[in-house]
Amino acid sequence: CPCSHKSGSQISLRIMSGFGAYGGGRTRHGHEVLVNIYDLSPANESILNPIGFGIHHSGLEINGEEYSFASGAGIFTDTPKEAGGAKYSHSLRMGTFEGSAADIRAAISDLRDSFGPNSYNVLTKNCNHFSDALCQRLLNVSVPGYVNRAAYFGSFFSCLVPDEVLGGAPVGDPNNGGSSGTAPGFSVMGGGERNSGSNKAFVGTGQSLGGGSSSAANASSDESEALLDRREKARQAALKRFEQNQN
């Protein structure tokens, strides 16, 4: 991931590629904690990552297990750096947890109610929110902001996103039939596969030029009014969030 989108506070975190990287495990002084970051869009490398708006999946690696979060599964474990439906990008060494393995299990258990199987939202409670919450619980440090920046800004317009997209995770639990992207219409990358579950060809009826009907005109007018209404709601939501951030 290009260095141009990392702030000064993030530079101190050691970035490791997938080749020869140390896996999060037990050391003489505690448990090493890594955040493994994946690309979810082919546009990440060429356009989005350089400006800090990459679309990412992430998981927290501890003791050879990668912990993440998805719809339908809640918190789950996966093989480190091998999340299905995503392309592994890089890892960040977040620090060392000085507690026991039992303490790690207790921290994860404490988060299960907040990150339950039916609480996933691709913009407001996704895998990156979970990685950050677990990292905060174990080390009292946050995952770098660029990991979830795209979702943060997208949340201002969540009222424009269909519920079936908001509730679907692009990466799921491989032990629960979720080894590839599951969010309808959400384009992911990994293993040469792309999710095209809801990309269907248009099969509606058409109308020749000059043969317009009043029903078609009324439908078009209704659609325009609905679009204006959604835009106004999005504007109001953005203004409200902006005012809250100023307070």
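Author: Let us begin with a term: buried means under 20% relative accessible area, exposed over 50%, and partly exposed in between, with a 1.4 Å probe and protein chains only. This is a predicted model, where local features need pLDDT of at least 70, side-chain atom pairs count only at pLDDT 80 or more, and totals for chains, interfaces and linings use all residues. Residues are numbered from 1 along each chain as its sequence is written, and side-chain values use heavy atoms, leaving out hydrogens and water.

Reader: Which residues are buried in α4?

Author: Helices (H or I, at least four residues) and strands (E, at least two) are DSSP runs, numbered from the N terminus. In α4, the buried residues are Cys127, Asn128, Phe130, Ser131, Leu134, Cys135, Leu138 and Leu139.

Reader: Within what arc do the buried residues of α4 fall, seen down its axis?

Author: The arc is that of the directions from the helix axis to the C-beta atoms. The buried residues of α4 line one face of the helix, because they fall within an arc of 155°.

Reader: How far apart are the end C-alpha atoms of helix α4?

Author: The expected span of a helix is 1.5 Å times one less than its number of residues. For the 13 residues of α4 (residues 127-139) that should give 18 Å, and this agrees with the model, where the end C-alpha atoms are apart by 18 Å.

Reader: Which residue caps the N-terminal end of α4?

Author: Look for a polar contact: a pair of N or O atoms within 3.5 Å, where within protein one must be able to donate a hydrogen and the other to accept it, and residues adjacent in sequence count only if both atoms are side-chain atoms. Here a side-chain oxygen lies 2.8 Å from the backbone nitrogen of Asn128, and the capping residue is Asn126.

Reader: Are the planes of Phe69 and Tyr120 stacked or tilted?

Author: Rings of Phe, Tyr and Trp (its six-membered ring) pair if their centres lie within 6.5 Å; planes under 30 degrees apart count as stacked, over 60 as edge-to-face and the rest as tilted. Phe69 and Tyr120 are 5.4 Å apart centre to centre, with 45° between the planes, and the pair is tilted.

Reader: Where do Phe69 and Tyr120 lie?

Author: Both Phe69 and Tyr120 are buried. Their pair ties together parts that are 51 residues apart in sequence, because Phe69 lies in strand β5 and Tyr120 in the loop between α3 and α4.
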